[in-house]
Amino acid sequence: MIDLKKIQNVDIDYLTHIISTDRYDEEIFKTADEIRRKYVGEEVHLRGIIEFSNYCTQHCLYCGLRAENKNLARYRMSPEEIIERAKLIAQLGIKTIVLQSGEDPYYTTEMMCEIIQQIKKLDVAITLSLGERTFEEYRIWKELGADRYLMRHETASPQLYAKLHPGDSLENRKAHLYELKRLGYETGAGFMVGLPGQTPYDLALDLVFLKELDADMIGIGPFIPNPDTPLKDATGGDLQTTLRMIALARIVVPTANIPATTALGSINPLGRQYGLKYGANVIMPNLTPNPYRPNYSLYPGKICLFERDTACVECTKHMIKSVGLIVGEGYGYRKKTESLA
Ligand code: FES
C-alpha cells in the first residue's frame, strides 16, 4: 500500500523510494485518477498553441532550438500572422491561446503588448510561454490581460540544472517563477523525465518544488534526445516513469492543470491517452500554421507536424472522448480549493 500522506507531504525519502520502482504504479495511477476526478472533474481543457518563433538566444543542452543549432530553418511569425491565427483558434471555440517561442528578443515589450491587447478582444485566456523576460515585462503584460505564464523549471536539481543550462542557475529560474506567481499569473512549472544523470532523488525534488511553488500548471514530459544537440547520444525518458511522475504530480498538487504533453504522445502513440487516465486534465492541440510547424523542432519524432493545420483540434477531442472524459468548455482556470466538494 502506498502511504498517501507521505506523498502529499512530499516526504523526500519516501518519494525517492516509490519513484525508483514500478512496484507501486498500479496504486499510484488509480489514486491519481481518483484525485483528478474529485478535484478537477471530468472536463479536459483544450489549449490552442501557436509556436510563433523558433529563434532562441539560449544554449540549453537538450533543446533543438538552442542558438548553436545551425541545422534548423528559423522562422518568425509577424504580429499580424499571430493575431490572425488567434482569431481562427477562437472561432474554433477554444478558450485559451498559448503563445510560445524560443527566447527571442525580436519581439519587444511593445510588440507583445499589441499582440496581447488584440488577442484579449477575442474573449479568450492568454498563456505566455516566452522563456525568461524581465520582471517589468511580466508586470506590464499581466496588466494588459495575460492570464498565465508557462516556464518549466526543467529539473529541480541545482547541479543538473547548471549542467544543462550553461551560464544560468536554478535559483534564477525559481526567482522568475515566484515573481510570476506574485504578479498573479497562473504559473506553470514542470520538468523532463530521463535527463542524463537524473536520479529518483532529483525527480523527488521536482515534486517538492511543485508543491512549494503551488504550481497552477504542471508540464511533465520525457526527455527525447535531439540529434542536433550535445545530448544526442543520451538515452532519454521512458513512458512508465513519465506517467508515474504525472500521477504523483496530481497527488501532490490536486487542483493543478496538468497537460498530457505532446512529448508523451511522441514516445508512444497512446502516451497522451495514458496521461489522461493517470491524472492529466489538459491537452494542447498544435495550431502553429504551416509552413512553420515542422520547424518548431524541439526533439525528433514530434507528432502532429504534417497534419492539416487544424486537424489536432478534432483529434484531441476524439482522444478525450475515447478515454471517457469530456471536452471542457470555458477558460479552464485552475479550480479554487474552496469550491471543492
Ligand atoms: Fe495532433 Fe492528433 S493531436 S494530430
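1. Three strands form an open sheet in the order E8-E1-E9, with parallel pairing; two strands count as paired if DSSP finds at least two bridges between them. At the edges lie strand E8 (282-283) and strand E9 (326-327), each of which pairs on one side only.

2. This is a predicted model, in which local features need pLDDT of at least 70 and side-chain atom pairs count only at pLDDT 80 or more, while totals for chains, interfaces and linings use all residues. Residues are numbered from 1 along each chain as its sequence is written.

3. Strand E1 (residues 43-46) and E9 run parallel and are joined by two bridges. Glu 43 has Ile 326 of E9 as its bridge partner.

4. The protein contains 13 helices and nine strands; these are DSSP runs numbered from the N terminus, helices being H or I of at least four residues and strands E of at least two.

5. Helix H9 (residues 200-213) packs on helix H10 (residues 239-252) at an angle of about 30°, their axes being 10 Å apart. Axes are lines fitted to C-alpha atoms, for helices over the stretch in contact, and angles run from 0 to 180 degrees between N-to-C directions. H9 and H10 are therefore roughly parallel to each other, a term for angles under 35 degrees, with over 145 roughly antiparallel, 65 to 115 roughly perpendicular and the rest oblique.

6. Leu 203, Leu 207, Leu 210 and Lys 211 of H9 make the contact with Met 245, Leu 248, Ala 249 and Val 252 of H10 (contact: C-beta atoms, placed from the backbone, within 7 Å).

Technical notes. Contact = placed C-beta atoms within 7 Å.
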